[in-house]
Amino acid sequence: MRIPGFIRSQPLAVRLAIGIGALGLVALFFLNFPTFRPAFQPLFGVTFTPGQAESFGLDWKETYTALLDDLGVRHFRLVAYWDAIESARGKYFFDDLDYQLDELAKRNGKAVLAVGRKVPRWPECHDPSWLSAASSHDLESDIQNFVTALMERYRSHPAVEIWQVENEVTFPFGICPNMLGLDALSREIKLVRALDPSHPIMVTDGGEWSAWLPIGLYGDVLGVSLYREAYNNLFGHISFPVGPGWYQLRAAVLGAFGKETTITELQAEPWGKKAVQEMTVQEGLTLMPPEKLKKNIEFSTSVGFSRVTLWGAEWWYWLKTKGDDRIWEMMKQLF
């Protein structure tokens, strides 16, 4: 690496001081030395999807009701899945999403509602079968037609608090053929804002290695994931050696542009070689025991963002039905 001329021209002592200062900044923001410790608790919520509950063999309405009434969750991230709502072009089935929002409204709860093509949960792009032959031009038009139908139905719903438009569109994860870029995202956001100027718009990005600023400027709020470890087939389990300051630094940059940062996906379910639905109770709890989950929650609190949405609520309820309610009971204290 070539050292900039203005540094090379400085006396040795100054160059050493600059180098030590740079290393100090890396330690401050990349390792476990946060810039501040917040004095408040964030607003905790969960992401919920019926399909994830059903993949555990659960009744999704029973699971959702347990989250509402047993845990007392009042802040959700809910998802409008394209393939479930518009399985035939131009014909919409809103019943399941109506149910989720209506039950939440009965309890004075609020939702971030994720809309678009790429939304939370694998395979990310939940394309209806009739979309397979669409060109990129037709694809954007079809997405906008779907989003328009959602906006017209739910923009006045009392449970809707924030629109999330797409999910991590610049993060290379999921199965999304012919993925549209930031220009299309910008046009989709303009459509949402025109149809409903009264609700804020959220965009999302990966938490650990993404820059945040390029995507964060598109919305009013940026939602990020927070994972303490990951798994891939090449390296196995990998722990991220980053501290709260690593998140605070990038949020401060966005804050200078008037943007808020929240955590929309806090790791709260196991991640391993098997899909979580294929793990036994013991396998899942080995990877994500209550003690580790508690540490993840404590870490998210130390980051200092106003909202934290946990990822894995369907798994907690499945554990409870299998006779291990330790995580479920721990979450009762949280909510």
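The structure is a predicted model, in which local features need pLDDT of at least 70 and side-chain atom pairs count only at pLDDT 80 or more, while totals for chains, interfaces and linings use all residues. Residues are numbered from 1 along each chain as its sequence is written, and side-chain values use heavy atoms, with hydrogens and water left out.

## Overall make-up

The protein has 14 helices and 10 strands, where helices (H or I, at least four residues) and strands (E, at least two) are DSSP runs numbered from the N terminus. Of its 335 residues, 51% are buried, a word used here for under 20% relative accessible area, with exposed meaning over 50% and partly exposed what falls in between (1.4 Å probe, protein chains only). A contact means heavy atoms within 4.5 Å, and among contacts between residues at least 6 apart in sequence, 76% join residues at least 24 apart.

In soluble globular proteins, nonpolar side chains tend to be buried together. A nonpolar core is here a set of buried Ala, Val, Leu, Ile, Met, Phe, Trp, Tyr and Cys residues joined through side-chain atoms within 4.5 Å. The largest such core holds 84 residues, and F76, L310, W315 and W316 touch the most other members. Helix 7, which spans residues 136-154, gives the most to this core, with 8 residues. Leaving aside neighbours within four places in sequence, F76 is in contact with V46, F48, Y64, L67, L68, L104, K110, A111 and V112.

Helix 13 (residues 313-321) is mostly covered, with 7 of its 9 residues buried; these are A313, E314, W315, W316, Y317, W318 and L319. Just after this helix, G323 takes a positive phi of about 100 degrees. W318 also belongs to the surroundings of M279, which, apart from neighbours within four places in sequence, is in contact with P270, W271, G272, K274, G284, L287 and W318. M279 has its place in the loop between strand 9 and helix 11 (281-287), and its relative accessibility is 5%, so M279 counts as buried.

## The disulfide

With a disulfide taken as a pair of cysteine sulfur atoms within 2.5 Å, a search of the whole structure finds 1. The partners are C125 and C176, whose sulfur atoms are 2.2 Å apart. C125 lies in the loop between strand 3 (110-115) and helix 7, and C176 in the loop between strand 4 (160-165) and helix 8 (182-195), so the pair ties together parts that are 51 residues apart in sequence. The torsion about the S-S bond is about 105 degrees, which means that the disulfide is right-handed. C125 counts as buried because its relative accessibility is 5%, and C176 counts as buried because its value is 17%.

## Pocket and cavities

On a 1 Å grid over the protein atoms alone, a cavity is a set of points where a 1.4 Å probe fits but cannot get out, whereas a pocket is an open set with protein on both sides within 12 Å along at least five of seven lines, and lining residues have an atom within 4 Å of a point. Grid points are joined across faces, edges and corners, and a volume is the space filled by probe spheres set on the points. By this rule there are 2 cavities of 30 Å³ or more.

For the linings, Ala, Val, Leu, Ile, Met, Phe, Trp, Tyr, Cys and Pro count as nonpolar, Asp, Glu, Lys and Arg as charged, and the others, Gly among them, as polar.

| Space | Lining residues by class |
|---|---|
| Largest pocket | 25 nonpolar, 14 polar, 11 charged residues |
| Largest cavity | 8 nonpolar, 5 polar, 4 charged residues |
| Second largest cavity | 6 nonpolar, 2 polar, 4 charged residues |

The largest pocket has a volume of about 1300 Å³, and of the 50 residues that line this pocket, R121, W122, E124, F173 and W311 are the closest to its centre. Helix 3 supplies the largest share of the lining, 4 residues.

The largest cavity, with a volume of about 140 Å³, is lined by 17 residues, of which H75, F76, V112, R307 and T309 lie nearest its centre. Strand 1 (43-47), strand 2 (75-79), strand 3, strand 9 and strand 10 (307-311) are the elements that give two or more residues to this lining.

The second largest cavity holds about 110 Å³ of space, and the residues lining this cavity include R117, E140, E166 and E188. Helix 7 and helix 8 each supply at least two residues of its lining.
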